[in-house]
Amino acid sequence: PPRNLSAPKRSIPPKKIAEAAMVPLDKLHPGNGDGTNARHVAPDKEDDNSLLASIGTIGLILPLAVKSNGDGGHVVIDGNRRLAALHALAKSGRIKPDAMIPVIDHEDADAASALEMSLAANMERLDLHPVDRYEAFAALVEKGRTREQIGERFLLTQRQVNQVLALGGLSPAVRTAWKDGKISQEAAEVFTLAAGDFDRQDKVLTRNKHAHGVQQALIGERY
C-alpha cells in the first residue's frame with residue numbers, strides 16, 4: 001500500500017546560544033542560497049502580511065539567528081521571513097536600509113549545524129512541507145549526519161526518520177509538483193507504488209495529477 005509520508009511534530013531540545021548583538025540591515029542576507037535554510041516552500045501570503053504588520057507596528061521582538069559569511073556580512077539561519085519583512089519596511093521608507101537589527105551570531109556553526117538550527121526552528125513554528133523536511137534530512141545525511149544522530153537531534157524514532165527519508169523514492173519531478181501544489185499528498189503517497197523508478201513516475205505524472213488516476217496508471221502498467 002502507499003506509504004504515509006507525513007511526519008509527526010515533536011519538540012526540539014534547546015541549544016546554547018550566544019548573546020545578542022546589533023548588525024546593520026544591509027549586512028544581513030537570506031540563507032536560502034547556501035543550504036542553511038530548511039524552508040523552501042513559501043508560507044501563506046496572509047502569514048507574511050501579518051508578520052510585516054506586526055514588525056512595522058511593534059518592532060522586531062526576537063533576534064535573528066545568523067552566522068558570518070566571511071565577507072563582512074551575515075547569513076540568516078533562522079528568521080528569513082522576518083528579514084524579508086525588514087527589507088520590505090526599508091524599501092517602503094519606514095526604516096533605514098542600514099537600521100541596526102538584533103541578532104544572535106552562531107559564528108562557530110558549521111553547515112550541518114546551521115541547517116539543524118533552521119530545521120529545528122521551522123519544525124517548532126509553521127509546519128514544514130514534507131518535501132522541505134526530506135530535503136533538509138537528506139542534506140544532513142550528505143553532510144555526514146547518521147540517521148541515528150538525526151533522530152536524537154529531533155527526538156524522532158528511527159522509523160520516523162526513515163519515513164521522512166523515504167521521500168527519496170519519489171522522483172524530483174514528483175516532489176516538485178507536490179511542493180508547488182500541483183498534486184496532493186494523497187497523490188504523492190500513491191507514487192510510492194513505483195518508489196525509485198523515476199522514469200515511470202515522471203511518465204505517469206505527465207498524464208495524471210489525481211491520486212485515483214495515478215493509482216490506476218501504475219497498477220495498469222504493472223499488469
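Which residue forms a salt bridge with Glu-135, and how far apart are the closest N and O atoms? Bear in mind, while selecting, that this is a predicted model.

Select Glu-135 together with Lys-179: the two form a salt bridge in which the closest N and O atoms are 3.4 Å apart. This pair links distant parts of the chain, since Glu-135 lies in helix α4 and Lys-179 in helix α7, 44 residues apart. Glu-135 counts as partly exposed at 26% relative accessibility, and Lys-179 is also partly exposed, with a relative accessible area of 22%.

Asp-132 counts as buried, at 0% relative accessibility. With the three residues displayed together, you are looking at a network of salt bridges that links Asp-132, Glu-135 and Lys-179.

Next, clear the selection and pick Asp-78 and Arg-82, whose side chains meet in a salt bridge of 3.6 Å, N to O. Are these two partners buried or exposed? Asp-78 is buried, with a relative accessible area of 15%, and Arg-82 counts as buried as well, at 12% relative accessibility.

The tour can end here, as a search of the whole structure finds three salt bridges.

Technical notes. Residues numbered from 1 in each chain as written. Predicted model: local features only at pLDDT ≥ 70, side-chain atom pairs only at ≥ 80, totals over all residues. Heavy atoms only, no water. Salt bridge = Lys/Arg side-chain N within 4 Å of Asp/Glu carboxyl O. Buried < 20%, exposed > 50% of the residue type's maximum accessible area, 1.4 Å probe, protein only. Helix = DSSP H or I, 4+ residues; strand = E, 2+ residues; numbered from the N terminus.
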